[in-house]
Amino acid sequence: MNIVIIGGGFAGLNLAKELLNQEGIQVTLVDKNNYNFFPPLIYQVATAFLEPSSISYPFRKFFAGKKNLQFRLGELQKVIPSENKIVLNNGELEYDQLVFATGAETSYFGMENVQKNAIPMKTLNDAIEMRNTLLKNFEKASICKNTRKRRKLLTIVVVGGGPTGVEVSGMFAEMRKNIFRKEYPELSTTASNIYLIDGSEALLSPMSKASQEDTLEALTKLGVVVKLNSRVVDYVDDTVFMSNGESIQTKNLIWAAGVSAKTFEGIPAESYGRGKRMATDAFNKVNGTENIYAIGDTSILLADENFPQGHPQVAQVAIQQGINLAKNFKAMHQDKSLVPFKYHDKGTMAIIGKKKAVVDLPKPNWHFKGLLAWMIWLFVHLVSLITYRNRLQTLYNWTIAYFSKDQSLRMIIGSDKKQNKTDEQATC
């Protein structure tokens, strides 16, 4: 059985790992990047508390010595189902079973100005660009004599009250408290505001009311200005416009508000469901196809009675779907019965700051906050990293940050094309 997997995130990589050394099954994983990365921690790369290598690992290094697994660097152009073939930007591949594990991309809800000028928080490249942009703006502010322009360079607006938005807002608040005043003495008398904007009535909407209230209280104490029931409607001339008529001037609009799946040529239009996600049956087979599957954020499965509207787009769903599909491929190869996918909710969590986090466990409906929740968050994310090397490197960086309340990773490295275009206009 020749299985081709498109995408090497949580879903795709766990599927491949479960098929390791399986007799009679050959797996080819295709990804546009040559590395796997850990999305829940990209905000720590973006805020210079972790290096990219702490949360990423090359596919070829991971697949080395694994005889039935191979990697192909490439980007999918189209699928030809009638020929069991896919076309990449650098060649073609044939398959017996094709699996989409392509995840989701940032959604700007049709706002062109926001898409053009905001800083997304979805990929490792986004995190590096965000780090460079913020550090450059801080440096510009340090030599800017105009108070209004300096405040605009220092103000940070985060859009999206989910875990990513909460975590990055808390991290910026901690940095302002422990690092900013020491390293940028020129700016000690300049006000710098951090805003968190969300269109719903509460932060962390999928979590318990206790977690929502604890998070709002903790962020407010850290000095984050939280604006709920407010949607961003435009971003023009360094001004964020909101649905309630308010506006905020900033050079730093960080977008963590929504995601959308991708569509691909060759997949029938009727095979897509809400949010461009591929609609599948109980076994993750894409509706209207014979041997094409979708797992993780790119799929929507409505056959699980506990989740009639589809599963949340979170890591645990992707991991469990990858593992379940691997079991079904093994069963298929051995002419055994397939097992429908059932999601087992292991809980949700979010970190807010040092010794501040919230954790909800569905059974027996427990809620934790503060130091204990913070330690649970650290442990779960540490053991979820792909290799021991990643875990040790991340633990080392976290230990340094905990005791010193600082990190020494704030280097501007690489070219930021979006920022370079405005460098000449940065004089104050």
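Reader: What makes α5 and α7 stand out in the lining of the largest cavity?

Author: In this predicted model, α5 and α7 (163–183) each supply at least two residues of that lining, and α7 gives the most, with five residues. Helices here are DSSP runs (H or I, at least four residues), numbered from the N terminus. Local features need pLDDT of at least 70 and side-chain atom pairs 80 or more, while totals for linings use all residues. Residues are numbered from 1 along each chain, and hydrogens and water are left out of side-chain values.

Reader: Which residues lie nearest the centre of the largest cavity, and of what classes is its lining?

Author: Among the 13 lining residues, Phe 138, Ile 156, Phe 172, Arg 176 and Phe 180 lie nearest the centre. The lining divides into 10 nonpolar, one polar and two charged residues.

Reader: Why are α5 and α6 called roughly antiparallel?

Author: The axes of α5 (residues 124–143) and α6 (residues 147–154) come within 8 Å and cross at roughly 160°. Angles over 145 degrees count as roughly antiparallel, and the two helices are therefore roughly antiparallel to each other.

Reader: Which residues make the contact between α5 and α6?

Author: With contact meaning heavy atoms within 4.5 Å, Asn 137, Phe 138, Lys 140 and Ala 141 of α5 meet Arg 150, Leu 153 and Leu 154 of α6. By class, four of these residues are nonpolar, one is polar and two are charged.

Key: Axes are lines fitted to C-alpha atoms, for helices over the stretch in contact, and angles run from 0 to 180 degrees between N-to-C directions. Angles under 35 degrees count as roughly parallel, over 145 as roughly antiparallel, 65 to 115 as roughly perpendicular and the rest as oblique. Ala, Val, Leu, Ile, Met, Phe, Trp, Tyr, Cys and Pro count as nonpolar, Asp, Glu, Lys and Arg as charged, and the others, Gly among them, as polar. On a 1 Å grid over the protein atoms alone, a cavity is a set of points where a 1.4 Å probe fits but cannot get out, and a pocket is an open set with protein on both sides within 12 Å along at least five of seven lines; lining residues have an atom within 4 Å of a point.
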